[in-house]
Amino acid sequence: MCGRYVSTRSPAELAPLFQVPDVPAKETLAPNWNVAPTNQVWAVLERTPRDGDETAPAERELRPLRWGLVPSWAKDVKIGARMINARVETVHEKPAYRRAFTRRRCLLPADGFYEWEQIKNPDTGKSRKQPYFIHPEDDQVMALAGLYEYWRDPAVKEDDDPAAWLMTCTIITTEATDAAGRVHPRMPLALTPNHYDAWLDPTHQDPDELRALLGQPAEGHLRARPVATAVNNVRNNGPQLLDEHPA
């Protein structure tokens, strides 16, 4: 985890849930039932406006980021496809994540996520991967804990050119429990609404206090249902991917 997830809520639905003052007017993402690495995803974050006073307070915003964190020192964006997850056990010390963990944290809204279970056929001895959709029992939005980073494209000459900067993100994971643990050993971490402010605040930089904010998605009240293998292909999308399918 987490290699695929579902994010179908619109900006108009997400903004009030995360107390984002302004709904993005121009940028929009289509509902996605098969979010894959390198896709654009909605993220909630707080940062000082680029064209504002550096001493100005950070503003909360909802904006699309590319899933798969590209460290600022990376020579190529391709590294991001391998950095979709950051382990909570080491996120505060790994070179690729430690600065972002201290200063650039975000929330990634999700309806649920997919995991795959290895199932062995007793007759043939062959194994196959059975996908499951794991989601909160009450179907509320999950606020997955994430980090974001800036990457400067050396091919673009001017710093003020929007194309010069790429914003990417990663999802923090932990050892899986409950429904997720029966399927896969890792799962995403999430935050409850009362911890959103502390997590998003870029001035809050104590690693131990930050890690203490993280918890199980839906406080462990998750359901896992088997779905068809159509989800295995990133080209497949649509609400039919969530339909229950015998394992």
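Among contacts in the chain between residues at least 6 apart in sequence, what percentage join residues at least 24 apart? With that as background, please look closely at Cys-106: where is the nearest cysteine sulfur, and is Cys-106 buried or exposed?

Guide: This is a predicted model, and what follows should be read as a description of that prediction. To take the background first, 69% of the contacts between residues at least 6 apart in sequence join residues that are at least 24 apart. The chain is built from 12 strands and 5 helices, and its radius of gyration is 18 Å, close to the 18 Å that the globule rule gives for 247 residues, so the chain is as compact as a globular protein of that length. Along the principal axes, the C-alpha atoms fill a box of roughly 65 × 40 × 35 Å. Of the 247 residues, 47% are buried, while the chain exposes about 12900 Å², with carbon and sulfur atoms supplying 48% of that area. The side chains include 30 that are positive and 35 that are negative, and the centres of these two sets are 9 Å apart.

Turning to the part you asked about, Cys-106 has a relative accessibility of 0% and therefore counts as buried, since the cut-off for that label is under 20%. The nearest cysteine sulfur to that of Cys-106 belongs to Cys-169 and is 5.5 Å away. A disulfide requires two cysteine sulfur atoms within 2.5 Å, so the 5.5 Å between these sulfurs leaves Cys-106 in no disulfide. For the structure as a whole, the number of disulfides is 0.

Pro-185 sits in the loop between helix 3 (178–181) and strand 11 (186–188), and with a relative accessible area of 56% Pro-185 is exposed. Leaving aside residues up to four places away in sequence, Pro-185 touches Thr-174, Glu-175 and Ala-176. Tyr-148 is 37 residues from Pro-185 along the chain, and the C-alpha atoms of the two are separated by 24 Å.

Terms used: Residues are numbered from 1 along each chain as its sequence is written. This is a predicted model: local features need pLDDT of at least 70, side-chain atom pairs count only at pLDDT 80 or more; totals for chains, interfaces and linings use all residues. Side-chain values use heavy atoms; hydrogens and water are left out. Helices (H or I, at least four residues) and strands (E, at least two) are DSSP runs, numbered from the N terminus. The radius of gyration is taken over C-alpha atoms; the globule rule is 2.2 Å times the number of residues to the power 0.38. Buried means under 20% relative accessible area, exposed over 50%, partly exposed in between (1.4 Å probe, protein chains only). Contact means heavy atoms within 4.5 Å. Accessible areas come from the Shrake-Rupley method with a 1.4 Å probe; for residues, only the protein chains shown count as cover. Lys and Arg count as positive and Asp and Glu as negative; His and the chain ends are not counted. The place of a charge is taken as NZ of Lys, CZ of Arg, CG of Asp or CD of Glu.
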